[in-house]
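Subject: Structure for you to look at

Dear colleague,

I am passing on a structure that you have not worked with before, and below it you will find an account of what was found. Please keep it open beside the text as you read.

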Amino acid sequence: MKSALVIGIADGFGLHTATALLATGWRVRALMREPDALPACLRGIDVCAGSSASIDDVRHAAAGVDVIVFGANPPHPRWHAQAVPALDTAAAVAETLGLTLVFPANQQVYDPEDGSVFDESARLHPVSRNGSIQQRMESRLRLASRRGARVIVLRTGDFIGAHSGSGWSEALIRPVLRGYRLLHPGPAVHIHTWANLPDVARTASCLLARRDELPDFAEFQFSGYRISFWQLAEAVSQASGKAVELRPFPKRRLNPLSARIPLARELKEMGYLWEYEIHLKDDRLRATLNQVPHTPLPEALTVAGLVAGTGERNLHWSYVQTA
Ligand SMILES: NC(=O)c1ccc[n+]([C@@H]2O[C@H](COP(=O)([O-])OP(=O)(O)OC[C@H]3O[C@@H](n4cnc5c(N)ncnc54)[C@H](OP(=O)(O)O)[C@@H]3O)[C@@H](O)[C@H]2O)c1
């Protein structure tokens, strides 16, 4: 049986990819700082207690696995200091054990001055500190692929999904008395790129199943949903059957407090992503997989628990259906 070590399994990409791998017959092991935080839907998997920053912990947890799913994401106040060292540790272990490492990349490496359409060979030219760190992480992975590891980078837009961790969707879609409120951090007509986490996780699982056919450093992009806030509001309304009011994200009120509010600080640094479109072309992914997983947006919002229902229950549904 194929087996995967998932680092950063408590939510987000790690949680969803672990669930998608289990649904397709993989054995999954987790490396967790707090094993008690293992989500209920993963109960019964192997859990190693330890830190992604410790090479001994990662090496011990990776013994006997085929792949490492790297989903660890230190919170924003600590991201600058911890993101690269955590990935460096996993990359070093993948090198020495000759493992495949899958990494969820973001769109912060692109410069909107370069246009709005980016294919897999577009130049990486980050315009923010976060973006420069992301670029360093990807460079580290490229190096790992020359030193014995195999690497799959899957670049996506902002996550939509139950337990989407650092994703924006939960912060922007809110139930109110008569329906829903959708906050838009940029102009309501801005076309933003979103990615349904269950679809991303299934895509990662499909790529891992074909890892032997891929180059040592395989870079893919996932187009996801490219929609304005008007279209997102329409999808929320369709999914819930309720009215949706669009409101500007209250940036001004948050700015004075931004040093203490991670979302506001991130918005200050990454605000351009809500003004300029980043279209991630996915030709390579389409040429590699027979079919790229895609859920209609209203269904994705419901399964995510963003409109009606709860995320925990829906997380089970989304994978049980495909198992
Ligand atoms: N969120 C998005 O919209 C989005 C979009 C595109 C790409 N990405 C990329 O996807 C990756 C994962 O993001 P995510 O949103 O899925 O992450 P997340 O949900 O915010 O966090 C994932 C996991 O990271 C672990 N973690 C938290 N603090 C940590 C720390 N200090 N040190 C080590 N691990 C820590 C936790 O797992 P344990 O408790 O099990 O350790 C947590 O469950 C990131 O590299 C991000 O750039 C995210």
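How many bridges join strand β11 to β13, and in which direction do they run? Strand β11 (residues 192-196) and β13 are joined by three bridges and run antiparallel, where strands are DSSP runs of E of at least two residues, numbered from the N terminus, as helices are runs of H or I of at least four, and two strands pair if DSSP finds at least two bridges between them. Within this pair, W194 has Y225 of β13 as its bridge partner.

Before going further, please note that this is a predicted model, in which local features need pLDDT of at least 70 and side-chain atom pairs count only at pLDDT 80 or more, while totals for chains, interfaces and linings use all residues. Residues are numbered from 1 along each chain as its sequence is written.

The two strands above belong to an open sheet of three strands with the order β8-β11-β13 and mixed pairing. Because β8 (158-160) and β13 (225-227) stand at the edges with a single partner strand each, one side of each is left without a neighbour in the sheet. From one strand to the next the twist averages 40 degrees, with axes fitted as lines to C-alpha atoms (for helices over the stretch in contact) and angles running from 0 to 180 degrees between N-to-C directions. Helix α6 (residues 197-209) packs on this sheet, touching β8 and β11, and its direction makes about 65 degrees with that of β11; contact here requires C-beta atoms, placed from the backbone, within 7 Å.

Elsewhere, strand β9 (residues 173-176) is joined to strand β10 (residues 179-184) by four antiparallel bridges, and a hairpin of two residues connects them. β10 also runs parallel to strand β14 (residues 243-248), with six bridges between them. R181 of β10 stands opposite R174, and R181 also stands opposite E245 in β14.

As for the whole protein chain, it has twelve helices and 15 strands, and its C-alpha atoms fill a box of roughly 55 × 40 × 40 Å along the principal axes. The average pLDDT (the predictor's confidence in each residue, from 0 to 100) is 91, and 91% of the residues score at least 70. Some caution is needed over residues 309-317, where pLDDT stays under 50.

Note on methods:
Contact = placed C-beta atoms within 7 Å.
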